[in-house]
Amino acid sequence: MNISLPIVALESTVLTHGLPRPQNLQLAHDIERMVRDQGATPATIGFLDGYLHIGLSESELDRLANEKGIYKVGPRDFATVITQRASGGTTVAGTMFACKHANIKVFATGGIGGVHRESPFDISADLQALATIPMIVVCAGAKAILDFPATLEYLETMSVPVIGFGTDKFPAFYSRESGLDVSIKLNTPQEIVEFAKAHWNAGLQSAVLVANPVPTTDAISSSEIEPIIEKASKEAKDKKIRGKELTPFLLQRISDLTKGKSMRANLSLLLNNAHLAAQIAKALRAAEKRRVA
Ligand code: PSU
Ligand code: MN
């Protein structure tokens, strides 16, 4: 019998490439504590010296947050870091791939990757992972730097349901809404678990994406953030920044241009997502216990 423990997987690209030092290590600790305080077990996932770690100790988190030459690891980079005995932070897709092996069903992140605005054909491997790995992924929408309509269309094409947690609208990472619709609004962790079970029982193999808006106190209005995103995107285009460098470049530029306000929103939504993911992991565990009893 396959009963999952209430475990919440956490990605590590946000530590290695998404946030500056020292906020990155502080966040790693805060987010793990948030999961534990809710009665679930955090498992931050990443590569150290060519080995995949599911759950990292204090000193291992410190290495990922502070060492130089750390890779950003999506699924296609697994063989690279394994053969090079390298260390790296796993992206949403890389973390989901690890969860598939470890049978972890719940994962919290900040924002998923998606279809980029400025770079044609730059579509994050996160979308491919969401299409093929059956688990519950909690995010605050797609990263604000993306093409939202294209990202949501792709998720629809790949049969990934998008649940708005307490909202009909897809949240836009720094802002609470993008003006675009989710596929269903649900209001409790129990409803989310029931929905995911129905999705998989119907024979689907895709993930269920939970979109949890950034807390109101830290949200930035789209009228404030949009011109800044446009500016940063244009700079990236002018500097010919592409591929895996694009996301870190944009996040850093937006943080500079907002004098750190976007980073505060980023930290706040990460903790908020870990909180909800822990509740979902516990609800999933309770549902599985009931089924076995
Ligand atoms: N959202 C953030 N910070 C991040 C990321 C997302 O606020 O660092 C990371 C995630 O790990 C995500 C990755 O999987 O960026 C997507 O990168 P790309 O667009 O290159 O696939
Ligand atoms: Mn990309």
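Residues are numbered from 1 along each chain as its sequence is written, and chains are lettered from A and ligands numbered from 1 in the order in which they are written. In this predicted model local features need pLDDT of at least 70, side-chain atom pairs count only at pLDDT 80 or more, and totals for chains, interfaces and linings use all residues, while side-chain values use heavy atoms, with hydrogens and water left out.

**Stop 1: the largest pocket**

Select Lys-72, Thr-91, Ser-124, Asp-126 and Thr-247. Of the 33 lining residues, these lie nearest the centre of the largest pocket. The pocket holds about 620 Å³ of space. A pocket here is an open set of points on a 1 Å grid over the protein atoms alone, where a 1.4 Å probe fits and protein lies on both sides within 12 Å along at least five of seven lines; lining residues have an atom within 4 Å of a point. The volume is the space filled by probe spheres set on the points.

Now colour helix H1 (13-18), strand S4 (71-73), helix H6 (125-132) and helix H10 (246-257). Each gives two or more residues to the lining. H1 gives the most, with four. Helices (H or I, at least four residues) and strands (E, at least two) are DSSP runs, numbered from the N terminus. By class, the lining has ten nonpolar, 15 polar and eight charged residues. Gly counts as polar here, and Asp, Glu, Lys and Arg as charged.

**Stop 2: ligand 1**

Stay in the largest pocket: ligand 1 sits there, with more than half of its atoms within 2 Å of the pocket's grid points. Show its shell of 16 residues; the closest are Glu-11, Lys-72, Val-92, Ser-124 and Asp-126. A shell residue has a heavy atom within 4 Å of the ligand. H1 gives the most to this shell, with three residues.

- Ser-124, at 2.8 Å
- Thr-247, at 3.1 Å
- His-116, at 3.5 Å

The protein covers 94% of the 470 Å² of accessible area that ligand 1 has on its own, by the Shrake-Rupley method with a 1.4 Å probe.

**Stop 3: two loops**

Go to Pro-22, in the loop between H1 and helix H2 (23-37). The peptide bond from Arg-21 to Pro-22 is cis, with omega near 0°.

Finish at Asp-49. This residue lies in the loop between strand S2 (41-48) and strand S3 (51-54).

How values were computed: Polar contact = N/O pair within 3.5 Å; in protein donor to acceptor, adjacent residues only side chain to side chain.
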